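Colleague: Hi! Could you walk me through this one while I have it open on my screen?

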Amino acid sequence: MYTPRSLDAFLNKASGLFPVVLVTGARQVGKTTLLRHAAGQIRRYVTLDDPLLLRLAQEEPALFVQRFPPPVLIDEIQYAPGLLPHIKMAADELGKPGLFWLTGSQQFHLMKGVSESLAGRVGTMQLLGLSRRELTGKDVDAAPFLPGAMESKDPGAALTLSALYQLIWRGSYPAVALNPAMEKELFYRSYLQSYLQRDVRDLAQVGDEMAFLRFLRAAAARSAQLLNMADLARDADVAPNTAKRWLSILQTSGIVYLLPPWHSNRTSRLVKTPKLYFLDTGLCTYLTEWSSPETLEAGALSGAILETWVVTELLKSYWHNGRHAPFSFYRDKEQKEIDLLIEQDGVLYPIEIKKSANPSPKAVGSFKTLGKCGVSVGRGALLCLADQLLPLTDSVDIVPVSAL
């Protein structure tokens with residue numbers, strides 16, 4: 001049974017505008033399921049996971065496009081980037097929208113070919129795992145999150161602490177999120193083997209898989225923290241240049257997200273280092289070896305993993321609506337920090353994330369620093385474990401995480 005995704009509506013819109021549509025994202029987030037459901041019976045499905053079809057695509061790309069004319073859905077296009085110029089020629093010749101639908105699991109090989117071959121002809125979108133709204137099936141088409149616009153949103157079903165950390169611990173990949181019988185450890189162990197063997201070793205030429213796994217674990221332990229490449233390289237026991245290259249692979253293959261620091265020409269006191277977030281909390285907690293939701297909630301990663309989950313839910317609210325996420329964070333050299341800033345129409349909307357059911361106004365004290373930066377500041381939000389939406393101050397609302 002298909003689980004409706006927020007990206008469904010934008011996919012149909014993009015397909016009516018562009019001859020080529022490309023959905024990227026990590027393995028197992030549901031790219032193929034999304035596109036095959038939308039395609040119905042009118043679009044042929046071709047996967048380059050099939051060795052015979054892959055060889056044809058790599059050795060005879062022109063013949064491949066003739067053999068599988070549009071409308072067609074081609075899965076895992078990154079394995080045959082030589083197809084892209086021929087897709088471009090077919091799109092230009094036919095001059096219609098919605099001809100080719102493509103999926104790709106590795107942007108780091110794929111996007112260069114797309115930008116060179118399909119500029120102006122392709123609508124691209126990124127898919128993450130299931131959002132909480134997609135999981136519950138309520139208000140799937142909600143607009144992207146913005147503080148001050150929450151009154152019109154469905155607040156969602158209440159989340160107990162145990163239910164929240166169960167959700168965080170299991171993660172958002174459909175195979176594990178939709179099937180309670182799926183053993184989490186088995187799924188993520190298999191996922192890592194597939195990721196290491198197919199995506200990383202073949203495309204990034206990682207020779208030492210054990211070193212890369214150490215690097216993955218060290219990165220997972222730093223989710224929701226400022227990125228310190230020297231410390232990350234040291235803990236993984238790899239050279240700094242290797243750590244930098246491997247982090248780029250994680251980022252562009254949809255495993256991690258780097259949140260940029262906000263900057264202004266008016267001040268030099270701001271940090272310039274991004275924050276690191278894993279894009280699936282289930283993978284993050286598997287790598288950091290938390291054996292249950294209860295130990296996770298009581299452990300040292302408890303606050304950081306909640307922040308990671310909230311940031312990824314907010315990313316989904318933008319990316320799954322086909323929107324760029326205008327996100328950053330604030331931190332200055334006096335250690336004043338704001339977890340997240342959303343910028344829209346020249347206005348900054350500050351967000352703080354706390355593992356608390358009864359926060360005080362002191363929790364958003366850093367919001368005042370934005371007033372000294374010469375920017376317009378919108379209504380703020382404190383995302384926490386409270387049960388209902390309430391004003392915290394005259395400019396900040398308490399927003400329960402269940403509303404995401």
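Modeller: Happy to, starting with a term: angles under 35 degrees count as roughly parallel, over 145 as roughly antiparallel, 65 to 115 as roughly perpendicular and the rest as oblique. This is a predicted model, where local features need pLDDT of at least 70, side-chain atom pairs count only at pLDDT 80 or more, and totals for chains, interfaces and linings use all residues. Residues are numbered from 1 along each chain as its sequence is written, and side-chain values use heavy atoms, with hydrogens and water left out.

Colleague: Thanks! At what angle do helices α11 and α12 pack?

Modeller: Helix α11 (residues 209–220) and helix α12 (residues 229–236) pack at about 135 degrees, and their axes are 8 Å apart. The two helices are therefore oblique to each other. Axes here are lines fitted to C-alpha atoms, for helices over the stretch in contact, and angles run from 0 to 180 degrees between N-to-C directions. Helices are DSSP runs (H or I, at least four residues), as are strands (E, at least two), numbered from the N terminus.

Colleague: Which residues in α11 and α12 meet?

Modeller: From α11 there are R214, F215, A218 and A219, and they meet L232, D235 and A236 in α12. Contact means heavy atoms within 4.5 Å.

Colleague: New topic: is T285 buried or exposed?

Modeller: T285 is buried, because its relative accessible area is 0%. The cut-offs are under 20% relative accessible area for buried, over 50% for exposed, and partly exposed in between (1.4 Å probe, protein chains only). T285 sits in helix α14 (residues 281–287). Leaving aside neighbours within four places in sequence, T285 is in contact with W169, K184, W290, L296 and I305.

Colleague: And where is S253?

Modeller: S253 is in the loop between α13 (240–252) and β7 (256–259), and it is buried, at 3% relative accessible area. Its side chain reaches the backbone oxygen of I249 at 2.6 Å.

Colleague: What about the backbone: which peptide bond is cis, with omega near 5 degrees?

Modeller: That is the bond from P70 to P71. P71 lies in the loop between α4 (61–67) and β3 (72–75). Most peptide bonds are trans, and most residues other than glycine have a negative phi.

Colleague: What phi does D139 have?

Modeller: A positive one of about 55 degrees, although D139 is not a glycine. D139 is partly exposed, at 31% relative accessibility. D237 also has a positive phi, about 60 degrees, and D237 is exposed, with a relative accessible area of 61%.

Conventions. Polar contact = N/O pair within 3.5 Å; in protein donor to acceptor, adjacent residues only side chain to side chain.
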